[in-house]
Amino acid sequence: MSEVISFRLDPNNAREAQALVLLSAWAKKGYSIRYVITDALINFGEGSGVSISTEDTEKITSALDKITRLIDSIHLENGSVPIDNTKSPEATQINGDFITSLKKTVKPGLKI
Amino acid sequence: MSVMVLDAGNSIIKAKIARREQSEIAFPHALKLLSEAEYQTINDRAGAAGLSSDYLRINGQPYVVRVSAERHGVQVQRTGAARYTRDYLGVFAAALMARFYDRGRDVKIFASHPPSDMKFRDDLMKAVIGEWKVETKEGEHTFRVTYANTFDEPVGGLMNVLLTEDGQHYQRSEIKDGRALVIDIGGFTTDWVAVNPGGEIDYSLVRSVPIGIQNVVVDFEESFRAHNLQAVKNTPVLPPERIRKAIMTGEFEGGGQKYPCEQEVKESTNMLLNRIGDTYQRVAGGALGWDYIILTGGGCALLHKRLSPILNHQNIILADDVNQLHLANVRGGLKLWRLYEALKVV
């Protein structure tokens, strides 16, 4: 089952305001907040000598705490509404039929 | 782990990685194995600037790729399934990894092929899997392709229209509710794929016809030369980019002049358009059975306006911006990969 993690971002904080802008920009390109944060966390460890593994739960928790402090209510001009996770108003989660048919067409890969 | 999506087309090699900037590469399908003497001569002449990044050693063998390879005279340019060997497709993959990444790493490759090459997909995967030592002027890096899988090129174009960047939402949800026909005009093949409502690929209607935009480019040059002898007498080869623009616009620009060439365009596109019209009627059953027609591939970028009267359909969708249409399949391939990852099927 998914774990719900909520984030806050204060637009009065310069760094957090920049994070707001970035999230908004990536959402417009079609990336969900969930995807952006997941990707950011994975890359947070890459190249820094830190490998994220099950033994690094405390580091993951610490990273999430930092991100939680970074993101507050996202204010638009009318002062409401968090970022939509979808690229456009009509973008919807892919449905079960599509997933089922897609799974049928996946071919085996080659691994070494 | 890094993933590289690869579309090794017959005329242009395209690749994309999951990075925010400088994530796409497209270059001419040109490769030449050099002798040690040739490589050393070029290296010696390179001087302080060093060799161009088009020259590289891959697993100890010197090669030249991209535009520089085109200047090395006659090359062997393989097409179709003949490309799927380590000393050809593998070399292209290694050269691409060296251009994308500034250090060696493990990489997964998700490579496309025309639907007709499905039976050769094992050869394709074996061609790229394994270790690649790449030496460029920047140094030597080792890439290990630890996993490979494949997808059909027109399905890449479809996914670029259908899915958002994260691969987990519909970008155009109305398409999933209708029946769509995907037409992918590449360099030497034109591929057709049908999609049922719900997004399921209908593999009973998959075709690969051995004619593409490169046939048009060659015929255009011949026709243009015949009609403009004085203009071309000092030009042994017409610049391919100008030919492509002329096919789109009906006007060839060069030497500071514009040469009307609608007649030459009609002559050179006639065969391809007739084949498309024929397949559309015979195999796809014409316009009425489809809710959407999706055009993808570089060839559609040049011909979409001329295709429109043949397709006679109100919902013709380009799989990307017209100037980026040659990248639609590889962009859609990355979206598909992200969806596969989310579904844990790769």
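Chain A has 4 helices and 1 strand. Helices here are DSSP runs of H or I with at least four residues, strands are E runs of at least two, and both are numbered from the N terminus. Read from the N terminus, the elements of chain A go α-α-α-α-β. This is a predicted model, where local features need pLDDT of at least 70, side-chain atom pairs count only at pLDDT 80 or more, and totals for chains, interfaces and linings use all residues. Residues are numbered from 1 along each chain as its sequence is written, chains are lettered from A in the order in which they are written, and side-chain values use heavy atoms, without hydrogens and water.

Stay with chain A. Of its 112 residues, 28% are buried (under 20% relative accessible area, with a 1.4 Å probe and protein chains only). The chain exposes about 7900 Å², and carbon and sulfur atoms supply 55% of that (Shrake-Rupley method, 1.4 Å probe). Now take contacts (heavy atoms within 4.5 Å). Among those in chain A with a separation of 6 or more, 66% join residues 24 or more positions apart.

Next, move to chain B. Helix 9 (residues 240-249) packs with helix 11 (residues 298-311) at an angle of about 15 degrees, and their axes lie 8 Å apart. So helix 9 of chain B is roughly parallel to helix 11 of chain B (angles under 35 degrees count as such). Helix 9 of chain B brings B:Arg244, B:Ile247 and B:Met248 to the contact, while helix 11 of chain B brings B:Ala301, B:Leu302, B:Leu303 and B:Arg306. By class, this contact has 5 nonpolar, no polar and 2 charged residues. Arg counts as charged, and Ala, Leu, Ile and Met count as nonpolar.

Methods
Axes fitted to C-alpha atoms, helices over the stretch in contact; angles between N-to-C directions. Parallel < 35°, antiparallel > 145°, perpendicular 65-115°, else oblique. Buried < 20%, exposed > 50% of the residue type's maximum accessible area, 1.4 Å probe, protein only.
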